[in-house]
Amino acid sequence: MFRATLTARLAAVALLALPFAAPSANAETSLTIAVRRDSNSIAENNFNFTTRGPVAQVVETAVQPDANFVPQPLLFDAWDYADGTYTITLHPGISFSNGTPFNADTAIAALQLYDRNKSDFLQIDPASFTKLGDLSFSFRSETNSALVIENMTHRGTSLFADVADRATNPIGTGPYLLESYDPKVSLTVVRNPTYWGTPRNIDRLNFRYITDDNARLLALQNGEIDIIADVTPQMMLSMPQDGSVVLHESRPIRYVALLANVNGKAPFDILKDRAVREAVAWAIDREAIAGVLFGGRGVPAKGILPGWMFNLGDDHTDGFGYDPAKAAALLDAAGWKPGAGGVREKDGRKLTLRFLAAYPNVTSVKPMPEMLEQMFTAVGIDVDLVEVDDAGVYSDTYLANGEADLFMEFASNNNTDPTYLLTMLFTTTTPWGGYQFTAPGAHVDKLLADARAAQSRDEVIAGVRAAHRAIVQDDLTAIPILMVPNFVLSRPGLEVPMSEFTDWIDFGMTRIVAR
Amino acid sequence: MTRFLFWRVLTAVPTLFGMSLIAFFIVSLAPGDPVLQELRAMGSVPSPADVAALRAEYGLDKPVILRYAAWLGRAVRGEFGTSIASGRSVLAEISIHLPATLMLAASALAGAITISLALGVAAVSADRGVAAVLRTLTVVVVSVPSFWLALLLIYVFVMQLGWARLVGDGTPGDLVLPAITLSLASGAALGRMVRERIRAEMCEDHARLAIAKGLSPARILLHHIAPRIIGPLATAWANTLGGLLGGAVIVESIFGWPGLGQLILQAIAQRDFPVIQAYLVFMGLGYFATSLLADVTVILTDPQLRREVGHD
């Protein structure tokens, strides 16, 4: 009897204690994500608070890019374009987080707010907005551009409610609400309970700004953070291989390429000769470089835009293999004959190329410059290697003045406007100082201008495809080397939904499969 | 003393003016264009008019001397402009981050003073073997780069022992490791100075007389030597504080300490000219304030100087 009573009492105590012992099925889920830099601006005329990845969780864009960077419905359910005019149908049942319905009136107000705040990125005629119904309206492109919807996939075009205190309390339609913001320290968002779309898996996302690469990695190893959003190649090199840190990767998107100065003045005029540029392209052992850098996850590149992007395809460029004999033959044919010390010469001039590494910094591509230097030396090219670790020095001191023959860049097309990257880097009219030196000429200017003016997406893509081929194959002002995935590091037990577009990694949809 | 302070402040004005001029020109002439960086970050395809508008907005469309004149006119009224990167006023940016840096610098200075006095006194008092070990230790700590020391401390106290965390929130507990990192190097350097000063004073007649009279070493140190070396030490401490205020950038970055170091690193990377210029001016003011403090301390601790200043 006594034993039975004791057992019953113990069972009762155990039952009462159960909620404290076992994790609740409704326990809050949270993730701490390390970010390198706080890029939020609360400036009235340059307002990007909570629009820049990876903290872009509070507000949403009108449309979202699909896996191939093609715009898909989000806040806009449907759109139609004809003769410079867009007709929009909004997704029904959406509200801003302050309860204001997202309808034609508030959508127009949000777009006009954007037009007031930003540089004229979307190029919408602000006087052209016409309400057609509760959930439909129209507007005109100022330039008759068919790419306005493409540009709306840029996180910077996210739509805010037009409230007075948006600088400190941004109101959007997104899956999260801003909970706190401590500049350059942290930003925390909590799940929006009234979100109109698919609820996110994670209740709370805490973004910590940690500048130092080593500190981010050590914090992850120490269990203080769950995810590192900004991963550098150095972090991959020093990443422990014991499974305590997990690497997540997207498809290759970032390119490493050598941009050739084809419009420079002496002594930076050697690469005006396409044969020398082609020799450089054949002298590069891309497989060897891919094996050394980025944990072996890079792939030899045939272009600077991946084939999957915009459905460009892989067949419009041929690429270059590794053939030093062919490189040597091309140089011979171009009149650059082997001279003293193994360096080729032509009319008493040595084949010396100033090779500037790199944008955004040389640290991110080490030791690729040294590997390339050896490969070029092997075919008789003398390399004057200049390594800079600052994008400002790279741009202002060298690129802007055309003070090098080869400019190494590690970058990506961060825009869903298909014409964007090629226009900025390879047209003579580029607003980015210095890239006129890498522009093939009027024919590529025209291809890209026509693409930007094209009235259908198919025409735009055809123009981009032609311009891309000219740049990386026919004119060869960009010599592709590698395509590299986008990376995220996490602790074990997390499934991070990767995206090639860093701004579109949806950390709220991370699945916690193990603690 | 009031007159001394008045003249001291007055003579600082041309120094600060010259420093602000040099700082402005260095920042303005440094490679890097915030407009281009902004455009690249935006991902937009701007027209030449957009670029011109942005340049005008940042005041980059005017000659550098006119920009400096305009900046100086605003600066003397306490207006340092708006951060290009964050959109907050520069003063707001600095006020967000200054308290953390002050806290770190003050803690590190307190640690450095403690370490330096302990090291200096021990090196003088200990036997030759211990003194040699202490001297060697001092040289090693002075020679080690602060970032390396920081990583070593992180490895031991965060990764191995788990006594501290790396991702803090600016609370005093998170101050310990960065403060130790900074105070070790500064303390070792100051310790050498303490040792040399004590040794020099020990050779003076008044100290030899005290020894001959059989006074205890502690009494000699406190009553005969300390009053005579406190002035030079105060100057060194003040200089160290100035150095800690401006030199904690790397350590702040490694430990994620939300001080001015984080601010200036990001400002340099983003070519946030208004923030960089204001930071340099504030650092100059910091050095001026700490050296003034040192001068006052020297006067107050030296009877002869006190009398001279009093007579003036």
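These are my notebook entries on a predicted model, written for someone meeting it for the first time.

**Entry 1: the domains of chain A**

I began with how chain A is divided. The domain assignment gives domain 1 as residues 4-209 and domain 2 as residues 252-485. I then looked up how far apart the two sit, and their centres, taken over C-alpha atoms, are separated by 37 Å. Where they touch, I found twelve residues from domain 1 of chain A and 14 residues from domain 2 of chain A. I also sorted the domain 1 side of that contact by class: six residues are nonpolar, five are polar and one is charged.

**Entry 2: the nonpolar cores**

The largest nonpolar core has 203 residues. Which residues have the most contacts inside this core? They are A:Ile33, A:Ala34, A:Ile227 and A:Ile228. Helix 5 of chain B, residues 90-125, gives the most to this core, and I noted eleven residues from that helix. Domain 1 and domain 2 of chain A each supply at least three residues to this core as well.

Leaving out residues up to four places away in sequence, A:Ile33 touches A:Pro54, A:Leu205, A:Phe207, A:Ile225, A:Asp226, A:Ile227, A:Ala229 and A:Phe507. There is also a second, separate core of 18 residues, and B:Val27, B:Ile94, B:Leu260 and B:Ala278 are among them.

**Entry 3: where chains A and B meet**

I turned to the contact between the chains. It takes 37 residues from chain B and 38 residues from chain A. On the chain B side, I wrote down the helices that each supply at least two residues: helix 2 (34-42), helix 3 (48-57), helix 7 (146-160), helix 11 (249-255) and helix 12 (260-269). By class, that side of chain B has 21 nonpolar, eleven polar and five charged residues.

**Entry 4: a sheet in chain A**

My last stop was an open sheet of three strands in chain A, with the order 14-15-16 and antiparallel pairing. Why does one side of strand 14 and of strand 16 lack a neighbour in the sheet? Strand 14 (337-338) and strand 16 (349-350) of chain A stand at the edges, and each has a single partner strand, so one side of each is left without a neighbour there. I followed strand 15 (residues 344-346) of chain A and saw that this strand pairs with strand 16 over two bridges, in the antiparallel sense. For A:Lys346, I noted that the bridge partner in strand 16 of chain A is A:Arg349.

Definitions and conventions:
Residues numbered from 1 in each chain as written. Chains lettered and ligands numbered in written order. Predicted model: local features only at pLDDT ≥ 70, side-chain atom pairs only at ≥ 80, totals over all residues. Core = buried A, V, L, I, M, F, W, Y, C linked by C-beta atoms within 7 Å. Buried ≥ 20, exposed ≤ 12 C-beta atoms within 10 Å, placed from the backbone. Helix = DSSP H or I, 4+ residues; strand = E, 2+ residues; numbered from the N terminus. Domains from an automatic or database assignment. Contact = placed C-beta atoms within 7 Å. Nonpolar A, V, L, I, M, F, W, Y, C, P; charged D, E, K, R; others polar. Pairing = 2+ DSSP bridges.
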